[in-house]
Each structure stands twice: as C-alpha cells, then as structure tokens.
Amino acid sequence: MATTPYLELRTRAPRTIEELALQRLALRKTARCFSDVLGAQLPCGAWSNRPVTAIPNVYSTGLALIALSHADPTPGVRASVWRGFDWLDRTRGREAHWLWQWKFRLFDRQVRFDPNKFGWPWVENTVSWVAPTAIVLLAYKAWNRPSGRVTSALAMLEDRACSAGGWNAGNGHAFGVDLDPHPDVSAMALCALEAHGAGESSLVERTAQYLGQRLEECGSAYSLAWGVLALKRSSGPHLGTLVESLRRISEKNKATLSTAALALTALALESPAFDLGTRA
Amino acid sequence: MTSRRNAVGALALAGTGGLAVRQSLTRRIPAKQRPPSRVAVLRCESYDKATQVVWDGLQLLAPAVRGKTVLLKPNLVEYSSTAPINTHPTVIAAAVEGLYRLGAAKVTVGEGPGHVRDTELLLEECGLRAALHNVGKATFVDLNNDEVHRISTTTSLTALSELWLPRCLLAADVVISMPKIKTHHWAGVTLSLKNLFGVVPGSVYGWPKNVLHWQGIDNSIVELAAAIPIHYVIADGVVAMEGNGPLHGTARQLGCLVFADDPLAADSACCCLMRVDPRRIPHILKASGLGNIDSANWNILGEGVSSWRMPFQSPPGMAFSRSQDSIPVARGHWAP
C-alpha cells in the first residue's frame, strides 16, 4: 500500500475538485476523509471544479459523487449525494431541448450526431460531451441510482464513438472527416459502458484494442492510468505491458505529475482492480 | 401537436437567426486613432532555418521585453504526424531563446488545448517538451489548469459579464500570441486573435470551451481580444494549413514567419498572404477597432523585396473573398 504514488499523493494540496475527489479516492484505504468534498458542494447541489468560481461543473460533480460512494453513509453524506443527483437529473445537454434539436437537424449539420441521444455537458447551457457523460454514468452506477437519463446517455456514447473505436471529445465525425479518438476520454467511456453492462459489444472490443495499441508507447501517466483502469476489467493482451509502463513512468516523474495523474496512477495500480462504478 | 411545435420551433429559430445575423453585421469594437503598426514578413522555407529567422524578426520588431515577464501563447491543439496543426516547436523554442537574449526576465510558454485534456501527452508527442528542454530556461504552464482569477468583460458582444482566466496570463507584462497560420471551418481563419481561445481554462469551462461557441465564436474571439492585450505576434507560416482547418486541412508551404506589434495588423497581414480579404472575416472586422487592419497604417519592417500572394483553399462550405492586397516580404539571405 505505502508505495510511491500514495506517499507523494499525501503531500499534495488539491487545487480542483477533480484533484480532490481523485486524491480522496486513492487514499480511501488509509484515510476515509471526505469532509472537504462535502464542504465544497454548492447550494444548487453541484460541485464547481474551481470552487472560487462557483460555476457548477458536471464532470467534477460526477467525480465528487463517486468519491462519496466510499465515504461512511451518514445522513449528511446521503443528503449531499441526493442533492448532487437531483442537480444532475435536471442538467442536460442543450441538444436535449426540442428547439436546439431543430437547429441541429436543419441548419447545423456539420457535426454528425443524433440530438435525440443526449447526456451531460461540462457546464450548464452547453451541449453534451463524452467525458462528463461517462463520469456521471459511473456515478449513477456507483450509487445504483435509477434514472431515465442513463439509457439516453449510453445511447449517446454509442452514437458518438469514433468509427475505429474509442472517443474524441464529443463526436466521431465532423466536417466530412472521421475524428481520431483520445485515450483518456476513450477509457472513461469504456469504463462507463462496461459498468452499465455493455461489455460485450463490438464497440467495447474495438475501443479496448485501440487503447492497448495507442498506449503502448505512451509517456503520459495520466492517459496510461485511465487506460489501465479501463482495461483491467477485460485483462486484454496489452494490460501487463501498460501496467509496467505506468509503474515505471510514475516512479520516474512522481514529483512533476499532476495530482490527478498521481491519484489515477495509484488507483490504476491497486490490486484487486479498482472499479470507479462500484460503491465501497 | 407535433407539427404545431415544429412550426413554432422553425419560427423561433428563424427569428433567432435573423437577430444573430443583424448583430453580426452591426456590432464591432469602435475604432481609435492609433500609431502605425509594425509588421514584418520574413521568408523561412524550412524549420531548419527558423531559429535564425525568429532572431532576425525579433531584432526587427525590437519588442520591449527587457526585465519583463513574457508569456508566449502558441497554438497547440492536437498532435498529428501528418497535419501541421500546431505552432512548430522550433519556432517556439527560438522565440524563448531570442526573448532571453533581448533581456526578458522570465519567459513562460502557456497553452490550454481545447479538446485534449492530457496536455502532457500533447507536449511530448508534438516535440515541444524536448524543444523547451533544449532551451533550458523555459517553463511551460498548462493554462487549462493554472490558478484562475476573475475579470470583467468589456464589450456587450457576448452575454458573459465575467471571465475566469489563468493567473500567468494576467500576471504577464508582455503577451505574445504565436499562432499557426490556418484556415478554420467556423471562424474562417485562425490566427493571433482566435488563438486566444486557448487561454480560457478547461478546468472551469470544460473541454472544449463550449461556452464560447454558444456565445458565438466570432463574438467570443472579440470579447477575449478586448479583454486580453496581445502585445506582439509571431505567426508560424513556414508550413501552414488550408482547406478543412484547423485540424484536417492540407499542409501548405507558405514559407514565412510573420512578426507584428499589433494582432489586428498581424492577422490582416496573414490573411493577405493567404489572399483572404480580412474585412470578410467576421471576427477580424468586428475587432478592427483594436488595431490597424489596413496596410496603409503599417510600417513594413525589413527589406521588402517581393510581393506575396498565395490563394488558400477555403474551408468546406465557405467561400473566401479574395484580397487584392499584397504584402512586401523581406527576402533575407536564404532566399533562392
């Protein structure tokens, strides 16, 4: 347990809710301390990734809820979590509104996607993107919270995948060109699909294959850690190499890694495998 | 019921569209009397020569950086082994080196990529990390994750009354925008002004900075340009991009670097190099009050020995209005 990422992680002062939530998750076995996560919740129920801005952020709200799924389930924690989910239930990508669906169907057709299939935006009054949608799907799964939004969000992920597998930031095809996937976002979406039982589809297989190949020569602990977290479920042929690579890179660069990368590394190197969509 | 809803939707959209068109045609930053802007276009046929050309350009431009903290803002979006998407690392490293030679106290390279969250991976794959390591004294700040401070906006072009921006941008004495010269499927061109999207922190607004898209890309560019002073521009046109930019266009050997002390003059000059009429690029027209877009108000630096016009292919669904202006180019001692 007391290996490099943990020791370094204890010395870090998180600057964002993303860093805070991931740090608390990574250190949960030695210090189940989530009071600062609870304390950062906004009156609306969301979390702002940069608390000083007070701008509600879907991605950090999802991560905060995942972190709290490992807290002792006190009445205070439960109340906070339900307020968070209530806000998420109300927040949706702008394309969910019939007026904007018209815009995308009639006028704004350069980016190919089905506006009927929507998930969550990064911040309010914008359209759905893959990373916040995937993280929120993991939060719903971690708390086994039923929601009518889950089906649409899973369909959105499938609709917006890249043709060769994996995900770009928001969609797979724009201005007549197939977009290339990004490893971290692809890993998040893969975690979300698998957590919700979509682990057998060809999209999942293509994405796992893409991640394994894309990350083989990757020098970034952040993307590698996300890749390992996603591939641990399937234990594919690349997993051993990626784990070793992650161990080596994080050891070498531990002082310069971001807190988020360090925490993700710690989670990715856990044994048994850490699952973002499973509550403690 | 559905058809009634559809009819109402179509009407509402048409109304909104009409208002947007009206706004886009009428709103712009009021012009002020300004001294002439200094512009230099230097030949640079390959990146092997960029270190020397950047130094020559900096000597011509003579930026006031002695004892100052300088932020270099390149354009880093995504890495592709085939497409010239990003400002070339050799140009960035040369600028860092040159600015230190001119007496800058501290030079920071800062960027907040719009789509890619893993900036470390991008830095490694595009070669900037290695290039900055070779220079030695340069630091890189991920503007997506820097500490943020609030500023008030200064125009009514967007509904944003405030913006949260990175500390190292606001604290810099001198900001130098270092765009890659590219066409852009939404903005027409992406140059020093559009490059400002990269200072908006993803850790606040997300990846991409979709809030800006919903405020109107052109209006958002101008809002940022009005709020953030760009003191100098070094634009990478050695290998530029035409057509379906900013990511999937075609490489175009433009063979030059553009230097200016005014972002409007720089962007206008780059447009003329591409044979694009800058007055037909909405964000440049709207921002025209912030600088000199008319070449009559420029002092061309260096030895203007040839004229340059190289019509760039427009992005899909967009037809460029062609500029008839030509820009004098300093041939320098590497010219064929």
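Author: Here is a walk through that stretch of chain B.

First, some ground rules: this is a predicted model, where local features need pLDDT of at least 70, side-chain atom pairs count only at pLDDT 80 or more, and totals for chains, interfaces and linings use all residues. Residues are numbered from 1 along each chain as its sequence is written, chains are lettered from A and ligands numbered from 1 in the order in which they are written, and side-chain values use heavy atoms, leaving out hydrogens and water.

Let's start with strand β11(B), residues 250-260; strands are DSSP runs of E, at least two residues, and helices are runs of H or I, at least four, numbered from the N terminus. Pairing takes at least two DSSP bridges between two strands. β11(B) pairs antiparallel with β1(B), residues 37-43, over five bridges, and B:Arg43 sits opposite B:Cys256. β11(B) also runs antiparallel to β10(B), residues 232-242, with nine bridges; there B:Ala235 faces B:Val258.

Now for helix α10(B), residues 263-273: 11 of its 11 residues are buried (under 20% relative accessible area, 1.4 Å probe, protein chains only; exposed is over 50%, partly exposed in between). B:Asp262 caps its N-terminal end, with a side-chain oxygen 2.8 Å from the backbone nitrogen of B:Leu264. After the helix comes B:Arg275, with a positive phi near 60°.

The buried residues of α10(B) include B:Cys270, B:Cys271 and B:Cys272. Still, the whole structure has zero disulfides (a disulfide is a pair of cysteine sulfur atoms within 2.5 Å).

Definitions and conventions
Polar contact = N/O pair within 3.5 Å; in protein donor to acceptor, adjacent residues only side chain to side chain.
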